[in-house]
Amino acid sequence: MAGASEYGTKQFIGATATKYLARYGESAALLEDPSWTKDESKADKVASAILDWGMASGATNFSHVFQPLGTVGVRHGLTGQLHNQLFTFGHDGKPDYKFKSTELLRGETDGSSYPNGGLRSTHTAGSYTLLDPTSPMWMRDDTIFAPTVFMGYAGHALDYKLPLLRSEEAMSRECTRLLASMGYAVGGVQSNVGLEQEFFLIPRDAYARRPDLQQCGRTLLGKFPGRGQEMCDHYMAPLNPNALNCLREIQHECFKMGIPLKTRHREVAPNQYEMAPYFGHVTSQIDQNLMVMQLCEEVASKYNLVCLNHEKPFAGINGSGKHNNWSLGTKDGVNLLNAAQITKKSGNSEIFPVIMAAIIAAIDNHGDLLRASIACPGNDFRLGAMEAPPAIISTYLGDSCTAFLDDFRNGKIAEYKPVATSVDTGCKLFGAFELPSEDRNRTSPFPFGGHRFEFRAVGSSQNV
C-alpha cells in the first residue's frame, strides 16, 4: 500500500482537481456546487482542466459510465462504457488533443440493445447519458471515467442511477420540510451508505472444469465436499497468501481512485472474503462499489483466481451478501439517526423519534418494495438459508430503542439515551466490559444497529 499522498490522485476532486482548475482561475470548490454543469463558461473550464489532468497522466481516452438495467449477475461488470479518444485532427492533418464541455456533459448511444422493458424500439433507439455532478470522476490506466445517468428519448430511465437521484431529491425535499416544521432548518438531506461486499475467490483451473459455474454463476450438481464450514474455522482466519496478494492489489488500485476500502477479511464459507469501505454519499458509493466489483474480477485473474459475485455459488455453505449500512444525514454532516448528535445540533429531542417512526412506518407499509428491490435469481437462493436473513422483510430495533419509541408514542417525551449493559470478563486486567444496547442482529433483514440501519438482505451481485 502506498503512502497517504497517493490517495485519490486518480480522482478529480480536492487537491488534484484544484491543481488543474487553478490554471483557469478556479479550484475544487467549483465542483461542490452541481450548478457548474449549467454554466457554459464554468463547464468549459472543467473540461479543459480534465484534459490537462489526463494528458499529464497518460490518459488519452474518456468514457461516460452508466448503469444499464438488467445487468445484475449477467455479465462482467455492471456498467456501460463507451471509450473515445480525446483527440481530433488539426488543419495540418495531425492529431490535436481537445475536449469540449459538450462532450463532458452529455453523450448519445443506442438504447434499444439494452434490457429496457419495451421502452425502446429499434426505430426510436436513441438514448442519452448526462453527467452526474454529485459523483466525482476518476482515472484508470489510460481512461478518464465520468459517472452519468442513462435515459431514453422520452425521458424514461434506462438505468439504476436516474431513479436513485430522483428519489434522493424527493427524500431531501420532504425531509427538509419535516425538519423545518420542527424548528430545524437544513440545506438538504442525503442518504449515506457503507457497503460490505462479499465474494468468493476460487482457483481458476477448478473454475475451468465447471461449465455450470461459468454459465450460471453457481454449481447445479455434484457431491458435497468432505469438509465445508461445519467447524466454523474460516471466519476471520489468516488470509490465504495468494488471495491476500490479490486483495492488496485491489485495495491499492482503489486507493489511487479515492475508493476508501478499509476492511478485508475472510468470511464464513471456504474461500469467501469481504471488503468494505468507509461510509459515503450514496451516489458516489454505488459508482465506487461497481468499480470494486469489476476490479475484483479483473485482478483475480492475475493471481490465477476467479472472483464469484453470485449470491449462492455453492450449496450447503454460506452465500454472499452486500450489507447496506444506511443512514440519513444533513448536507453539513449531521446524522439524523444519531440521537445525541441531532438533538444537540437542533435543540429538539423529538426529531430523532419522529424520523425513526417514519422509517419504521415505511418498512411496515412498503415492505413489498424492499423485498422486490433485493429480488434476483441468485439472492433468492441465498435468502433464508445458513446465516442469510429471511425473505420476509422486518426490522429490529433492540430493547432500549423499542422501549424509548413506545414511551414516545404514549406521550412520554425524553432524550434517547441507550441503556448500556456490562459483562464481567473474569479477568482483572480488563474488568467489566460495556456493551452497546443495539446488538448485532443477524436475523432481521433491516435491523437498527445504532446510528444506522443495516439492510442485510441485499445480494452481493446487486446494484444498490
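1. Arg 23 is exposed, with a relative accessible area of 52%. Exposed means over 50% relative accessible area, buried under 20%, and partly exposed in between (1.4 Å probe, protein chains only). The side chain of Arg 23 meets that of Asp 52 in a salt bridge, at 3.5 Å from N to O. Asp 52 lies in helix α2 (residues 40-57) and Arg 23 in the loop between α1 (14-21) and α2, so the pair ties together parts that are 29 residues apart in sequence. Asp 52 is buried, with a relative accessible area of 19%.

2. On the basis of the model: it is predicted, local features need pLDDT of at least 70, side-chain atom pairs count only at pLDDT 80 or more, and totals for chains, interfaces and linings use all residues. Residues are numbered from 1 along each chain as its sequence is written, and side-chain values use heavy atoms, with hydrogens and water left out.

3. A salt bridge here is a side-chain nitrogen of Lys or Arg within 4 Å of a carboxyl oxygen of Asp or Glu. The count by this rule is 15. One of them joins Lys 161 and Asp 287 at 2.9 Å, N to O. Lys 161 lies in helix α4 (residues 161-181) and Asp 287 in helix α8 (residues 282-302), so this pair ties together parts that are 126 residues apart in sequence. Lys 161 is buried at 0% relative accessibility. Asp 287 is also buried, at 7%.

4. Another salt bridge pairs Glu 174 with Arg 173, at 3.2 Å from N to O. Glu 174 counts as partly exposed, at 35% relative accessibility.

5. Strand β11 (residues 272-277) deserves a look. In strand β11, 6 of the 6 residues are buried, so the strand is largely enclosed by the rest of the structure. In a regular strand, side chains alternate between the two faces of the sheet. Both faces of β11 are covered: Gln 272, Glu 274 and Ala 276 are buried on one side, and Tyr 273, Met 275 and Pro 277 on the other.

6. Now the partners of β11. Two strands pair if DSSP finds at least two bridges between them. Strand β9 (residues 189-203) pairs with β11 in the antiparallel sense over 4 bridges. Phe 200 has Gln 272 of β11 as its bridge partner. Strand β10 (residues 261-266) runs antiparallel to β11, joined by 5 bridges. Leu 261 stands opposite Pro 277. The hairpin of β10 and β11 has 5 residues between the strands, and Asn 271 takes a positive phi near 65° there.

7. A nonpolar surface patch is formed by Met 55, Phe 87, Phe 89 and Tyr 97, with about 380 Å² of accessible area together. Patch residues have over 30% relative accessible area and no salt bridge; like charges are joined within 9 Å, nonpolar side chains (Val, Leu, Ile, Met, Phe, Trp, Tyr) within 5 Å. Phe 87 lies in strand β3 (residues 87-89). Phe 87 is partly exposed, at 31% relative accessibility.

8. Overall fold: the chain has 13 helices and 17 strands. Helices (H or I, at least four residues) and strands (E, at least two) are DSSP runs, numbered from the N terminus. Buried residues make up 50% of the 464 residues. The accessible surface comes to about 22,600 Å², with 54% belonging to carbon and sulfur atoms. Areas come from the Shrake-Rupley method with a 1.4 Å probe; for residues, only the protein chains shown count as cover.
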